[in-house]
Amino acid sequence: MPSDIDEFTNIKSIEVEDEEWQEYMSKISESDVKGKLCEILKEIPSKDWGGESNDLFATQIHQSGRRTTAAFVLKGPSKFGEMKLTHLDKNADQIFRLAQSPAKLLIVQHSHNIGEAVGATLRAFAVSPHNPRHYCLIDGRDTYKILKAYDKL
């Protein structure tokens, strides 16, 4: 859960209505979300390019007070609806590429809901016996709550 990440714990006290988060998240670009997350995480945003293993690699992130590394896949509202595996690049291989990252925490963020198949796929890669890691899904509601909790709206 996003609230398990120390830098996002303030979302526990934030309540939002469906209309509120959907209206905002349907209009904010992926690059704007990335920039705002980088501000919260005190990271410098990198330039996106096709075929990258992640959209954001964070080294200033903490879980339960312990510093760790995190790799993010970020998806904006170009297809404002539930994320399916087909939204994860033209070959639906973005989670596969994310799993190639050395990060200890794998995160998929989307501007709307995240489908069960996406979550199950991320989990399958994260809990791989040879390299077990934590994973997190941040849907549009939680993204909005993060931005609201840290005055980034």
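How much accessible surface does the protein chain have, and what share belongs to carbon and sulfur atoms? It comes to about 8,100 Å², with 50% belonging to carbon and sulfur atoms; areas are from the Shrake-Rupley method with a 1.4 Å probe, and for residues only the protein chains shown count as cover.

On provenance: this is a predicted model, where local features need pLDDT of at least 70 and side-chain atom pairs count only at pLDDT 80 or more, while totals for chains, interfaces and linings use all residues. Residues are numbered from 1 along each chain as its sequence is written, and side-chain values use heavy atoms, with hydrogens and water left out.

The protein chain has five helices and four strands, as DSSP runs numbered from the N terminus (helices H or I, at least four residues; strands E, at least two). Their order from the N terminus is α-α-β-β-α-β-α-β-α. The radius of gyration is 14 Å, close to the 15 Å of the globule rule for 153 residues, so the chain is as compact as a globular protein of that length. That radius is over C-alpha atoms, and the rule is 2.2 Å times the number of residues to the power 0.38.

Of the 153 residues, 48% are buried, meaning under 20% relative accessible area, with exposed over 50% and partly exposed in between (1.4 Å probe, protein chains only).

Now helix H4, residues 116-126. Its buried residues are Val118, Gly119, Leu122 and Ala126. They cover an arc of only 95° around the axis, which puts them on the same side of H4; the arc is that of directions from the helix axis to the C-beta atoms. On the other side of H4, Glu116 and Ala124 are exposed.
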